Amino acid sequence: MKLRVLTALALLATVTPVCAPAQVAGSQVSSGQANGTILIENATLLTITHGNIEHGSILIRDGKIAAVGTDVKAPEGATVIDAKGQYVMPGIIDCHSHIAVDGSVNEGSVSVSSMANIADVLNPDDISIYDDLAGGVTVANVLHGSANAIGGQTIVIKLRWGKQASDLPFQGALPGIKFALGENPKRSNFTPPPGVEPRYPATRLGVEETIREAFIQAREYKKQWEDYNRKKAAGEQNLMPPRRDEKLEPLVEVLEGKRYVHAHCYRADEILMLIRVANEFGFKIRTFQHVLEGYKIADEIAASGAGGSTFSDWWAYKMEAFDAIPYNAALMTERGVVVSVNSDDAEEARHLNQEAAKSIKYGGLSANDALKLITLNPAIQLGIDSRVGSIDVGKDADLAIFNRDPLSVYAVVQKTLIDGQVYFDRQRDIDGRPALEKEKQDLLAKEKKASEEKKADDKKEAKPEKKSDQKKKRPTTDQDSAAASAGGAQ
C-alpha cells in the first residue's frame, strides 16, 4: 500500500500545476487580488463588439469590467498588470466539451437517458481544466455523450481551477440536454457482447421515432400536471398528484423553453428531420453540434433559429463526415447562422484560437468575425452573452492575455482571468517548475527506496527455515562407549 501511494504521488507531481487558483506571479499582483481591483494597461484590446483599442486599459472591480479605454487610470491600491505589447481578448468559450466529468460521459444502456445529469458528476480535479485555462478557455459547455437519441442533461461551467465542484457551474446559465442523430445513437460503431440483444434504435428512422415518442410522453405528462395544478388552484380536495417521472421532466422543460437542446449531428437530411420534429412539438433546437453538412442547408438552419457549433476542419474520420469541408463555419456565417468553433476534445480546447483562425483562410472571415467564433457567438448560443463573450463594461472579467495576436500560430497565453481572478499565469507556472521537479524526484526516490525495502522483506520471508533434528543428540559418555563395545562382542 505504501508503495502504491508513493507511486501515485510521484505521478501527481508530474502533472499538478504550480499556479494556484486566483494567484499570479509577483507579490504586486497577488496583493492586488485581495482588494478586488485590477488594472490591465498598455495592451491591444480585442473587444469583439466595438473594435480594437490600441494602448488600452481595462479596470476590473469586484470581478466585473468597470472601465475600458485609453485613459483609464488605476485607483489607489489597485493591482497593475502591465500588458505592454500583449493582446487582451474575452475568455474563450467552448460550446462542446467533455472535461471535468467523473467517469464516462455516456449512459449508453438506454435510448433516452434524460434522467442522467452531468452536474452530478463534475470533477473539479480534472487536470484538463488547468490545461484549457492555459489555452485561454474560461467557459465550457459540458455535454453528455452521443450514444443516445436523447442523452443526459448538460451544464455550463467556468473553469475555476482549485475550487470545489459546486463552484464550477455558471450561475444563471440555462441548463441544456444532449440529443444525438445518426451513427452514434443507432450504434453503428458498437457491437454488443455475445448473447446481448442490440439496443433499439438501429436506424436513422428509429432515432427519429425515439425522439418523437419521448416528446409524445412528455407532452402528456405536462398536461397531467397542468390539469392537477389547475384543479388544486380551484380548491378541489383529495387530489392525487401525477407520479413524478425524472426522464420526462427535463423534456417538459424543453417544451417550456427552460432547457436548451444541443443536438449532435452530421448529415443534412437528419438535421432537417430534427427541425421538423421540433416544429411539430413547438420547441427550438438551440445548437446543432458538429453540423458538418450545415453549409448545405444553412438557410434552413438560420430560419429555424438554431446555431451551429462546428469543427474547423475535421473530416472523413467516419462515413458521416466525408462531406465535411473547412469552409463550413464561414458559409453558415454568411447565411445568417450564429456559428461557433468547438473542441469536443480536451487537447483541442488548448488552441481554439488557432481553430478559429482557420476560417480566415477557409472562407475569408474577418479577424473579428473569426474571434467571434470562440467568444461572443458561443456566448449567444449558451444564452450568456449578457455576461461574457466581449470586453464591455458590466460584463464578467473573464479575459485571456496573449503575447501576440491570438490568431497567430505563435500566440501563447500569458494569463487567464475568471471573474477578475487570475487562474493561470504562465510565468508563475514556469518559475514553479524546478520546485515541482524536485518534489517529483524526492517522491520517486522514496518510491525506489520503498520498493527495495519491499523486495528485501519478500526475499527474507521466502527463504526456507532450516529443519531441526527430530531428536537432539546428547553428548557421548564413557559409559555409553563401554556398553556399545559390550553389545558388539555378543
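Is arginine 259 buried or exposed? Arginine 259 is buried, at 9% relative accessible area, where buried means under 20%, exposed over 50% and partly exposed in between (1.4 Å probe, protein chains only). Some notes on the rest follow.

1. Ground rules. This is a predicted model, with local features needing pLDDT of at least 70 and side-chain atom pairs counting only at pLDDT 80 or more, while totals for chains, interfaces and linings use all residues. Residues are numbered from 1 along each chain as its sequence is written, and side-chain values use heavy atoms, with hydrogens and water left out.

2. Overview. The chain has 13 helices and 16 strands; these are DSSP runs numbered from the N terminus (helices H or I, at least four residues; strands E, at least two). Of its 490 residues, 47% count as buried. Take contacts (heavy atoms within 4.5 Å) between residues at least 6 apart in sequence: 71% of them join residues at least 24 apart.

3. A nonpolar core here is a set of buried Ala, Val, Leu, Ile, Met, Phe, Trp, Tyr and Cys residues joined through side-chain atoms within 4.5 Å. The largest one has 81 residues, and Phe179, Ile211, Phe215, Phe283 and Phe288 have the most contacts inside it. Helix α6 (residues 268-281) gives the most to this core, eight residues. Domain 1 (19-90 + 390-434) and domain 2 (92-388) both contribute, so the core lies between them; the domain bounds come from an automatic or database domain assignment. A second, separate core of 17 residues includes Ile58, Ile60, Val88 and Leu399.

4. Phe283 close up. Ignoring neighbours within four places in sequence, phenylalanine 283 touches Phe179, Phe215, Val254, Leu255, Val261, Val277 and Ala278.

5. Salt bridges. The criterion is a side-chain nitrogen of Lys or Arg within 4 Å of a carboxyl oxygen of Asp or Glu, and the count comes to 28. Arginine 259 pairs with glutamate 253, with the closest N and O atoms 2.7 Å apart; glutamate 253 is partly exposed at 27%. Arginine 212 and glutamate 208 pair at 3.3 Å, and they sit four residues apart in helix α4 (residues 204-233), so about one helical turn separates them. There is also a network linking Lys64, Lys158, Arg160, Arg387, Asp396, Asp398 and Asp419.

6. Helix α9 and its surroundings. In α9 (residues 352-361), Leu352, Asn353, Glu355, Ala356, Ala357 and Ser359 are buried. These buried residues pack against β6 (92-97), α8, β13 (339-341), α10 (367-372) and β14 (399-402). Lysine 358 forms a salt bridge with aspartate 313 (3.1 Å, N to O). Lysine 358 is in α9 and aspartate 313 in the loop between β12 and α8, so the pair ties together parts 45 residues apart in sequence. Just after α9, glycine 363 has a positive phi of about 130°.

7. The β12-α8 loop. Tyrosine 327 is in this loop too, partly exposed at 39% relative accessibility. Leaving out neighbours within four places in sequence, tyrosine 327 contacts Tyr362 and Gly363. Tryptophan 315, also placed between β12 (307-310) and α8 (328-334), is exposed at 53%. Trp315, Met319 and Phe322 make a nonpolar surface patch of about 400 Å². Patch residues have over 30% relative accessible area and no salt bridge, with like charges joined within 9 Å and nonpolar side chains (Val, Leu, Ile, Met, Phe, Trp, Tyr) within 5 Å.

Definitions and conventions
Areas by Shrake-Rupley, 256 points an atom, 1.4 Å probe, with all protein chains shown as cover.
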